[in-house]
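Subject: Structure handover and findings

Hello,

The structure is below, followed by my notes on it. Please look it over alongside the text.

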Amino acid sequence: MKAKTSSAKPSAPEIARRSGLKAIAAVFAGLVLPNTVGAQAPRLPFDQWIAAFRAKAIARGIDEETYTRVMRGLSPNTTGLEAIRNQPEFHEQLWQYLNRRVSEWRILTGKEKAKQYARLLSRIERDFGVQPSVMLGVWGVESSYGDPIVQQHHMRPVIPSLATLAWAEPRRRDYWEQELIDALTIIQRGWSTPDEMVGSWAGAMGHTQWMPNIWLHSGIDYDGDGKISPFGPPDDALGSTARYFVERGKYRRGEHWGYEVRAPAKTGGKASRTYAAWQKLGVVRADGEAFPLPNATAKLWIPVPGGPAFLLGPNFFAVR
């Protein structure tokens with residue numbers, strides 16, 4: 001993705017900065033979990049909680065054999081209890097977040113993936129209206145395009161992670177319990193195995209980091225191989241993610257996520273206005289081009305006072 005300019009050719013650092021901003025803005029602040037102050041002491045030791053949780057799982061459709069097979073001998077993984085208090089979306093400055101995620105490697109690899117999966121990305125745009133640049137941005141940020149080194153060194157078994165959070169993280173206990181039951185349901189249906197289900201400390205898995213609930217209820221067999229999986233070939237993961245943006249996020253076909261803009265001082269507020277209305281207030285695109293859909297709506301966002309400004313359309317928020 002290259003920004004057009006209307007006058008002087010931008011410098012290499014400026015091109016890199018704009019590329020980074022545009023890549024990250026389409027996916028920034030993805031499916032983020034609320035911050036918590038800390039985990040309170042659980043009422044039961046972990047093994048006793050596992051025994052007590054059996055009745056709740058069975059009441060929600062998990063059979064005895066599946067529960068015993070998956071949960072017997074489980075040990076807690078407390079990584080998530082620390083990670084949930086230190087999520088970078090809440091503790092890093094914006095430019096730290098950008099610099100650590102929009103790397104030269106991600107940009108170059110993204111261009112390679114755009115060529116390698118051009119047919120898949122075109123099909124997704126045709127079926128769901130989500131542009132290839134957005135899908136590549138999400139894929140790159142969430143899993144470095146499914147990079148096996150990331151999977152090997154930064155992923156962990158999902159079942160212990162979810163069980164530990166359901167056991168010891170009180171603020172969203174109902175949420176973690178349901179995700180654990182959904183993960184058990186996936187295994188019970190034969191869609192996956194505990195060994196295959198590796199992911200983040202929060203239980204997100206695969207190319208675009210699906211939680212079990214998304215896998216179970218929003219996943220589609222996009223490659224037609226008879227199963228739904230966020231692992232392996234990226235077809236199911238990317239196709240299902242685009243569908244999720246449309247159905248849950250109300251993604252709008254044909255609209256851009258937004259634009260970097262130049263805004264007069266003291267132009268702002270949280271109001272959503274048409275691009276034409278913003279232009280009347282003196283807000284113009286940073287690259288000097290016209291807004292292609294002047295009647296579409298957007299909100300002004302200036303992440304850091306004195307820094308770049310953006311008009312963000314509904315599709316930005318659909319992805320977020």
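Where pLDDT is low, the predicted coordinates should not be read in detail. The protein chain averages a pLDDT of 85, and 83% of the residues score at least 70.

This is a predicted model, in which local features need pLDDT of at least 70 and side-chain atom pairs count only at pLDDT 80 or more, while totals for chains, interfaces and linings use all residues. Residues are numbered from 1 along each chain as its sequence is written, and side-chain values use heavy atoms, with hydrogens and water left out.

Helix packing

Helices (H or I, at least four residues) are DSSP runs numbered from the N terminus, as are strands (E, at least two). The axes of helix H2 (residues 46-59) and helix H12 (residues 173-188) come within 12 Å and cross at roughly 75 degrees. Axes here are lines fitted to C-alpha atoms, for helices over the stretch in contact, and angles run from 0 to 180 degrees between N-to-C directions. H2 and H12 are therefore roughly perpendicular to each other (65 to 115 degrees; under 35 is roughly parallel, over 145 roughly antiparallel, and the rest oblique). On the H2 side, Trp 49, Phe 53, Lys 56 and Ala 57 meet Glu 177, Leu 180 and Ile 181 of H12. By class, this contact has five nonpolar, no polar and two charged residues. Ala, Val, Leu, Ile, Met, Phe, Trp, Tyr, Cys and Pro count as nonpolar, Asp, Glu, Lys and Arg as charged, and the others, Gly among them, as polar.

Tyr 67

Tyr 67 sits in helix H3 (residues 64-71) and is buried, at a relative accessible area of 1%. Buried means under 20% relative accessible area, exposed over 50%, and partly exposed in between (1.4 Å probe, protein chains only). Leaving out residues up to four places away in sequence, Tyr 67 touches Ile 50, Phe 53, Arg 54, Ala 57, Ile 62, Arg 72 and Leu 184. Tyr 67 and Leu 184 are 117 residues apart along the chain, with their C-alpha atoms separated by 7.4 Å.

Salt bridges

There are seven salt bridges in the structure, each a side-chain nitrogen of Lys or Arg within 4 Å of a carboxyl oxygen of Asp or Glu.

- Arg 54 and Glu 64 meet at 2.6 Å, N to O. The pair links distant parts of the chain, with Arg 54 in helix H2 and Glu 64 in helix H3, 10 residues apart. Arg 54 is partly exposed at 24%, as is Glu 64 at 45%.
- Arg 123 and Asp 127 have their closest N and O atoms 3.6 Å apart. Both lie in helix H8 (residues 118-128), four residues apart, about one turn of the helix.
- Asp 287 and Arg 285 meet at 2.8 Å, N to O. Asp 287 is buried at 8%, and Arg 285 is buried at 14%.

Backbone

Most residues other than glycine have a negative phi. Tyr 145 has a positive phi of about 60 degrees; Tyr 145 lies in the loop between helix H9 (132-143) and helix H10 (148-154) and is buried at 9%.

Regards

Key
Contact = heavy atoms within 4.5 Å. pLDDT = per-residue confidence, 0-100.
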